Amino acid sequence: MPLFPRPHSPERFAALEASNPQQAAHTQQIVKLAGSSDVCSVCGDDPASDYKLMAPNMPPKAVGTIKLCAGLPQTAIGGRRKLRSIIGNSKFRPPVPSGF
Ligand SMILES: [Zn+2]
């Protein structure tokens, strides 16, 4: 079953390091450079919202959460190329309400 830890939380980094060390390193670098954990996981833009990946057949222990700026979800719908390289060909759901 996929995991849905809060984006940029220690739990998420731990889970991501186990399933996708390259992405974990990338995101950690982004957060470090931005100086804030409230930024897009991909480009470091602020503001960013929490997203949950709603993809069928996600591998067990896949990390199904990400924080994205306003530009990226549209990119995912239009030309998915940039997102696909990072998180796979997945569908997005609108931002998850706080408390998730
Ligand atoms: Zn972004």
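What is the mean pLDDT of the chain, and what percentage of its residues reach 70 or more?

## Confidence of the model

The mean pLDDT (the predictor's confidence in each residue, from 0 to 100) of the chain is 77, and 71% of its residues reach 70 or more. This is a predicted model, in which local features need pLDDT of at least 70, side-chain atom pairs count only at pLDDT 80 or more, and totals for chains, interfaces and linings use all residues. Residues are numbered from 1 along each chain as its sequence is written.

Among the elements of the chain, H1 has the highest mean pLDDT (94), and helix H4 (residues 81-87) has the lowest (44). Over residues 76-90 the pLDDT is below 50. Where pLDDT is low, the predicted coordinates should not be read in detail.

## Overall architecture

The chain contains 4 helices and 2 strands; helices (H or I, at least four residues) and strands (E, at least two) are DSSP runs, numbered from the N terminus. Their pattern along the sequence is α-α-β-β-α-α.

Of the 100 residues in the chain, 25% are buried, meaning that 20 or more other C-beta atoms, placed from the backbone, lie within 10 Å of the residue's own.

## Helices H1 and H2

Helix H1 (residues 10-19) packs against helix H2 (residues 21-34) at an angle of about 140°, with their axes 6 Å apart. Here axes are lines fitted to C-alpha atoms, for helices over the stretch in contact, and angles run from 0 to 180 degrees between N-to-C directions.

After H2 comes Gly35, with a positive phi near 70°.

Definitions and conventions. Buried ≥ 20, exposed ≤ 12 C-beta atoms within 10 Å, placed from the backbone. Contact = placed C-beta atoms within 7 Å.
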